[in-house]
Amino acid sequence: AFDPSFIGLRGDEAATEKATRDFHVYASADPPDASGNYTVEHASQVFAFDPQGRLRLMFPAGTKPDDIASDLRTLLAA
């Protein structure tokens, strides 16, 4: 259902469960229906990492684009 260029968090069940615990987020998939379709509920934060892979920022759902841009500019200037 997504553009092929979109890459989201992915992994086997154990890796996904570890990521949800480590990042304190929620994710749940309903069982597939008779047609194989299913729904997924998940957290909607956006995380920003520095070049060393350290988590530096977390933007909750609804953060205004100007606020995100300002925070990213500050991070990039550091």
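The side chains of Asp22 and Lys18 are joined by a salt bridge, with 2.5 Å from N to O, where a salt bridge is a side-chain nitrogen of Lys or Arg within 4 Å of a carboxyl oxygen of Asp or Glu. Both residues belong to helix H1, residues 13-22, and sit 4 residues apart, about one turn of the helix; helices here are DSSP runs of H or I of at least four residues, and strands are runs of E of at least two, numbered from the N terminus. Please keep in mind that this is a predicted model, in which local features need pLDDT of at least 70 and side-chain atom pairs count only at pLDDT 80 or more, while totals for chains, interfaces and linings use all residues. Residues are numbered from 1 along each chain as its sequence is written, and side-chain values use heavy atoms, with hydrogens and water left out.

Let me turn to Asp50. Arg54 forms a salt bridge with Asp50 at 2.6 Å between the closest N and O atoms, and Arg56 meets Asp50 in another at 3.5 Å, N to O, so that Asp50, Arg54 and Arg56 are linked in a network. Asp50 counts as buried at 8% relative accessibility, whereas Arg54, at 47%, is partly exposed; buried means under 20% relative accessible area, exposed over 50%, and partly exposed in between, with a 1.4 Å probe and protein chains only.

As for the whole chain, its elements run α-β-β-β-β-α from the N terminus. Its C-alpha trace spans about 50 × 25 × 20 Å along the principal axes, and buried residues make up 8% of the 78 residues.
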